[in-house]
Each structure stands twice: as structure tokens, then as C-alpha cells.
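User: Could you take a close look at the aromatic rings in this model and at the sheet around them? I'd like the geometric criteria spelled out as you go.

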Amino acid sequence: MAKVTLKNIVKRYGQLEILKDICIEIADGEFVALVGPSGCGKSTLLRTIAGLESIQSGDVKIGEQIVNNIEPKHRDIAMVFQSYALYPQMTVAENMGFALKLKKVDKRIIQSKVEQVAQMLDLSAILARYPRQLSGGQRQRVAMGRAIVRDPQVFLFDEPLSNLDAKLRGRMRLELKQLHQTLKTTTLYVTHDQIEAMTLADKVVVLRDGKVEQIGTPLHIYDTPANVFVAGFIGSPSMNFLKGKISSQHPHDFITIQGSQISLGNFNKNIKILLDRDLILGIRPEDIALVTLPQQHGITVTIQVTEQMGAETHVLTFLPLPHQSQTKHNVEELFIISKNRDIGQTGEQLHLSINAEKLHFFDALTEQRINTQQ
């Protein structure tokens, strides 16, 4: 096992800069998820660590050694790709032990390691099968087993679960989590799925356009997103965003640009820093509660769409607009999550209460988070 340090990493393809001054430290034994939309550079960054991509500047350090000029096979890492990349002519056992065979490791040692890892991954019964005889989940476990057998310093996973169906993906997430708890090997995991990042990782790195937007624990990033992008990307369903202002004449109300009013109620943080400036108000769907009757600090909205999810109901609503009719150009949407199954029909009204202590404020110009704890 080893720590991984990325210092001022820059990667270009011609004039196009893919990675822009990336600085990340991964502790020994830590599970770190690299998350972001397609094209943000997360897979390129992983391939840079593996040595499959060269860099224009910066240092990649594994343990205490800078590995910029060291070939991939000598970096003591193991990589699992989105495609399983299994040899079709080899059995499961032969696929898992192939890297050790290339290193001319004794056959008895290879067999012992393969059997040990196969038992760990519940593959013992299929060691004699070929990849074509396996399900998608089994193939992915074989790919992971091939990496584990090598006993590397660092595991690199590049969207390994994206080819699996939703149920199997959930099961494989649990197996990966248990596997890391057992092996305690430093792991970097690339995904565009923020649920995978939140559930698997000790630390999450959010990337956009080749830059690091935020680094932190899953809960820290969820509770205190650094900017509007992170706030909207992390969390499903996404955070609600409303543009508007808090006037010094009415410091307990947020007035949206369309004139809707959101009461800040019992918001008791430093509100002075928010007054008379262009803001973006962020509200997570789960921080909005349904109430039976209108409340002093609540709002009344109109149902647009409901989605029954079984344990909860997702509701898209429209905020009320004073002194004007709603059109498709001026409606302001508010998405809520409720445990109540009997919500109502499209066009009916709901009475809501917003948890003021859970509100997020961002500067409308920079889209950066405003610290109201000061």
C-alpha cells in the first residue's frame, strides 16, 4: 500500500488543456472517488497515474517515488476498466493468474493466490469456466480478482460498474466496499455516478472541465458544497436553485427574480452578509416538508408532476407568482421529496414548510458558496 500525490498535473492534447493544475493527496489505504460529468478529465487523470498518459508538467508520486518517467508495469498498480478485458481463450483461473505467470511466479504460488482471491470474491465454483460462460457481474468480479491477485500498492478503477444493470450495480457497490475494508489498499475510483461516489468513498474529488472543484468527505461535500456546480451535481434529485435577493427592509424574506417570496423563518446565521446582493438560494428537496395547513413561514405551491417511488414521492411544483399569470417563461420550479404517498393531483395546491437551517446561499455572479457561519 502507498499514498498517492498529484502535484500541479497538466495534460494537453495539442492546444487543448485536459487537466489544469491538478493537486490531490490520497492517503495510504484511502478510498477516493473521482467524480464529474463526461469529459471532465477524470479517466484521463486515472490513466495519468497508471502511466498510460504522459503529462506536460507536474509530478505523480506513488509512495515516496516520483513515477513520471517509470513505465506502467513498474508502478506497482492494478487497473480495472469499464470493459472487463478478459482473455476469451483462458479460464477464470488462468485470467486471474496471468499477470503472475508473466512475472514467472511459481505455479503453486499462483494457484494458491488465485484460490484465495476466488474464495474472497465467491468465484471458486467457476474457476474452470471461460468468460463467455459468465454473467456480467461474474466477469467484473474476475477482472477485480485479476487485479487483487497482483497485490499492488494502488488499485485504479475506471467506471467498473457502468455496464451492469441497476440491481447488480448496487450489489457490486457493497462488494467493493467490503473488499476495500478487507484489503485496505489505496484505491482511486472513477465514476460519473454521484451515488457510487457518495456510498463508496472515504473522500470525493469533484472535477469539472479538467479542474478540481472540491475535495472532501461525502457528507462534507453534500452539506457544504463549494459552489453551484457541486451543489447541483452531488445529490439525487438535484438541489433546487432560485435567483433573488434579501432586502435590508425585509431581512426575513428571500424574494426571487420573478417576485416569489421564500420566508427564511428561523434562519439565525449571519444574515447581514447576504443583504442587498444578487444571490442564488439552494434548497435540497428533502429539506422541504409538507404541512396540512398554511403556516406563517411556509409557502403554498401548485403540483405539476408527481412520481411515486414506493418509499417516497417526488413532486415537481410551481412557486406562486404575485400579480401576474404564470407562463412557461417565468415559472419557478421547486422539486420536493415526501414520505407521504397521498400527495394530490396535477393542478392542486400543497402547503410547504422549508427548513431554514438547511438553506444554502451562493453569489449569483461567481456561483461560489457564501459562508454564513461567520
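This is a predicted model: local features need pLDDT of at least 70, side-chain atom pairs count only at pLDDT 80 or more; totals for chains, interfaces and linings use all residues.

Analyst: Happy to. Residues are numbered from 1 along each chain as its sequence is written, and side-chain values use heavy atoms, with hydrogens and water left out.

Phe229 and Phe233 sit four residues apart in helix α8 (residues 228-233), so about one helical turn separates them. Helices (H or I, at least four residues) and strands (E, at least two) are DSSP runs, numbered from the N terminus.

In all, the structure holds six aromatic pairs. One of them joins Phe31 and Tyr189, tilted with 5.8 Å centre to centre and 35 degrees between the planes. Rings of Phe, Tyr and Trp (its six-membered ring) pair if their centres lie within 6.5 Å; planes under 30 degrees apart count as stacked, over 60 as edge-to-face and the rest as tilted. Because Phe31 belongs to strand β3 (residues 31-35) and Tyr189 to strand β8 (residues 186-191), this pair ties together parts that are 158 residues apart in sequence. Phe31 is buried at a relative accessible area of 2%, and Tyr189 is buried too, at 0%. Ring pairs also link Phe31 and Tyr189 with Phe155 and Phe157 into a cluster.

Now the sheet. β3 and β8 are among six strands that form an open sheet with mixed pairing, in the order β6-β7-β8-β3-β9-β10; two strands pair if DSSP finds at least two bridges between them. At the edges are β6 (77-80) and β10 (211-216), each pairing on one side only. Neighbouring strands are turned by 15 degrees against each other on average, direction ignored. Axes here are lines fitted to C-alpha atoms, for helices over the stretch in contact, and angles run from 0 to 180 degrees between N-to-C directions.

Helix α4 (residues 136-149) lies across β6 and β7 (154-158), at about 175 degrees to β6; contact means heavy atoms within 4.5 Å.

Conventions. Buried means under 20% relative accessible area, exposed over 50%, partly exposed in between (1.4 Å probe, protein chains only).
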